[in-house]
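The following briefing reviews selected elements of a single model, grouped by topic. Please consult the sequence and structure shown here alongside the points below.

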Amino acid sequence: MRRVRSLRSALTAALTAVAALGLTAVAAAPSQAASPLPEHVFAPYFEAWTGESPAALSAQSGAKHLTMAFLQTAAKGSCTAYWNGDPGMPVAPATFGADIATMQSRGGDVIPSFGGYAADTTGTEIADSCTDVNQIAAVYQKVITTYDVTRLDMDIEVDSLDNTAGIDRRNKAIKVLQDWAAANGRTIQISYTLPTTTRGLAASGLAVLKNAVANGAKVDVVNLMTFDYYDNAVHDMAADTKTAAQGLHDQLAQLYPAKTPAQLWAMVGVTEMIGVDDFGPAETFTLANARTVYDWAVSKGINTLSFWALQRDNGACPGGAAANHCSGIEQNTWDFSRIFSPFTSGTTAPADDFSVTTAPASATIAAGSSTTATVKTAVTTGAAQTVALSVSGLPAGVTASLSPASVTAGGSSALTLSTTTAAVSGTYQVVVNGSGPSASHAAVLTLTVTGGTTQCTAAPWSTTAVYTGGQQVSHKGHIWKAKWWTTGEEPGTTGQWGVWQDLGAC
């Protein structure tokens, strides 16, 4: 809508210009290097607080794109975002930078996600926490330029849905970011992840989008959390996904009347909670549901298909409740990922391609000794090409060598893993990367180190101490890591979704 500016609109424009100048001053814009996400993308959530390698799990599961959860401030009132609100995990190349670069080299990418339940209930979602629009926008820019990504996700739920000031700041900051991106030739997409009813967004979620329209902030994808309905009904989760998405489509038609039905469906994203969700068995998303949703998503042409979360895609706790590490149903590891992975499209298959595997796929080694494995490559399409090999995901005290470090597809290399006596006992995912002129692939070797040092060096938990995200304590023979600010909450009593993450026995 265009009309003669009022004084208010002129002031708004002036403030936006000042904000844009401030944002541009944060860092010089690098040349555009990132590739846009595919037109249709499968990007399951990765729980970034577990200490696992996203590149390793991406390679294992076959999910080339991941939604990284979550970015938030360490304390309410701050304007600095960290991964998981942990000051030890800043937005910097040293935090996930190598993993993300590895995934990008394989033709994948990540979608950093701001917010999440913990942040949205503690005032540490960046726009709830920080009252300066320019500083919020600068944080968004820093994430984009640090990791060279093309989409940011805003996970807004519970208390953040009622914070009208935060909603307005967030959308104003998005507009400032988008103006910066346009001025610097960068491709940037914004997705909003919002809770839903079985018939579409509730009024609070719709208000977030209305405010975005009012602020001129472009929303590329609206990603529905099609789970946790908490209505005491028994659900067909696939059927409810369809009706929720249809309701969203109709709501978007009112907000964006110039868009065609196909364009509206191309704004829709769906995130399932695989297996048993937080409500309980009445809301269970099955493998049969996944196949139904996949076929429906392809037929509608939606943009994003996702689930919470990659670390849950296994059957380690059949018959159990919702958990961070398993689905609660009987399944094979990566069953859901394998169903949804073909949804990603928009990339061109290379004419010459290859595969990478390790034999064996797992090994156990005593600290201070070494072990060997064979890295095998094979031509899968076209002609053989030169494959450069490298190793990532190595823990402290473990080194790797490859002989040779480059092979012609079809050839093999000897991998030697050596450990020092200072290596920490545990199980690690070692990633063997293969890069060719037209494709990149990886294999994962699961390495277990025994007889090494332990992590039981943290101070004992104190009932009166204040702990912030990332701090570790020892308690009842285990090491525990705080996910966010806490005091007086005993490790081991807060459950899977609580503040303390169990890092294992000392």
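Thr193 stands opposite Asn223 in strand β8, within a pairing of strand β7 (residues 189-195) and β8 that is parallel and spans five bridges. Two strands count as paired if DSSP finds at least two bridges between them; helices (H or I, at least four residues) and strands (E, at least two) are DSSP runs, numbered from the N terminus. The model is predicted: local features need pLDDT of at least 70, side-chain atom pairs count only at pLDDT 80 or more, and totals for chains, interfaces and linings use all residues. Residues are numbered from 1 along each chain as its sequence is written, and side-chain values use heavy atoms, with hydrogens and water left out.

**Strand β8 and its neighbours**

- From β7 the chain passes through helix α8 (residues 203-214) to β8, and this β-α-β crossover is right-handed (with the strands pointing away from the viewer, the path from the first strand over the helix to the second runs clockwise).
- On its other pairing, β8 is joined by four bridges to strand β9 (residues 268-273), and the two run parallel; Leu224 stands opposite Val270 in β9.
- Five of the five residues of β8 (residues 221-225) are buried, so the strand is largely enclosed by the rest of the structure; buried means under 20% relative accessible area, exposed over 50%, and partly exposed in between (1.4 Å probe, protein chains only).
- Both faces of β8 are covered, with Val221, Asn223 and Met225 buried on one side and Val222 and Leu224 buried on the other.

- Thr304 lies in strand β12 and counts as buried at 5% relative accessibility.
- Leaving aside neighbours within four places in sequence, Thr304 is in contact (heavy atoms within 4.5 Å) with Val41, Arg151, Val221, Val268, Gly269, Val270 and Phe343.
- Thr304 and Ala422 are 118 residues apart in sequence and 44 Å apart in space, C-alpha to C-alpha.
- Cys326 is placed in the loop between β12 (304-308) and α12 (335-340), and this cysteine is buried, with a relative accessible area of 0%.
- Not counting residues up to four places away in sequence, Cys326 touches Gln311, Arg312, Asn314, Ala316 and Cys317.
- Between Cys326 and Gly315 there are eleven residues of sequence separation and 6.1 Å in space, C-alpha to C-alpha.

**Helix packing**

- Helix α9 (residues 237-255) and helix α11 (residues 287-300) pack at an angle of about 25 degrees, with their axes 8 Å apart; axes are lines fitted to C-alpha atoms, for helices over the stretch in contact, and angles run from 0 to 180 degrees between N-to-C directions.
- That angle makes α9 roughly parallel to α11 (angles under 35 degrees count as roughly parallel, over 145 as roughly antiparallel, 65 to 115 as roughly perpendicular and the rest as oblique).
- The contact involves Met237, Ala238, Thr241, Lys242, Ala245 and Gln246 of α9, and Asn289, Thr292, Val293, Trp296 and Lys300 of α11.
- By class, the α9 and α11 contact has five nonpolar, four polar and two charged residues; Ala, Val, Leu, Ile, Met, Phe, Trp, Tyr, Cys and Pro count as nonpolar, Asp, Glu, Lys and Arg as charged, and the others, Gly among them, as polar.
- The axes of helix α2 (residues 54-61) and helix α3 (residues 97-105) come within 8 Å and cross at roughly 30 degrees.
- Pro54, Ala55, Ala56 and Ser58 of α2 meet Asp99, Thr102 and Met103 of α3, a set that divides into four nonpolar, two polar and one charged.

**Four-stranded sheet**

- An open sheet of four strands has the order β13-β15-β19-β17, with antiparallel pairing.
- β13 (353-359) and β17 (398-403) stand at the edges with a single partner strand each, so one side of each is left without a neighbour in the sheet.
- The twist averages 25 degrees from one strand to the next.
- Strand β15 (residues 370-381) pairs with strand β19 (residues 412-419) in the antiparallel sense over seven bridges, and Thr371 stands opposite Leu417 in β19.

**Five-stranded sheet**

- A five-stranded open sheet has the order β14-β21-β20-β16-β18, with mixed pairing.
- Its edge strands are β14 (362-366) and β18 (406-408), each pairing on one side only, and the twist averages 30 degrees from one strand to the next.
- Strand β16 (residues 386-392) and strand β20 (residues 426-435) pair in the antiparallel sense over five bridges; in β20, the bridge partner of Ala388 is Ser435.
- Helix α2 packs on this sheet, touching β20 and β21 (440-450), and the direction of α2 makes about 115 degrees with that of β21.
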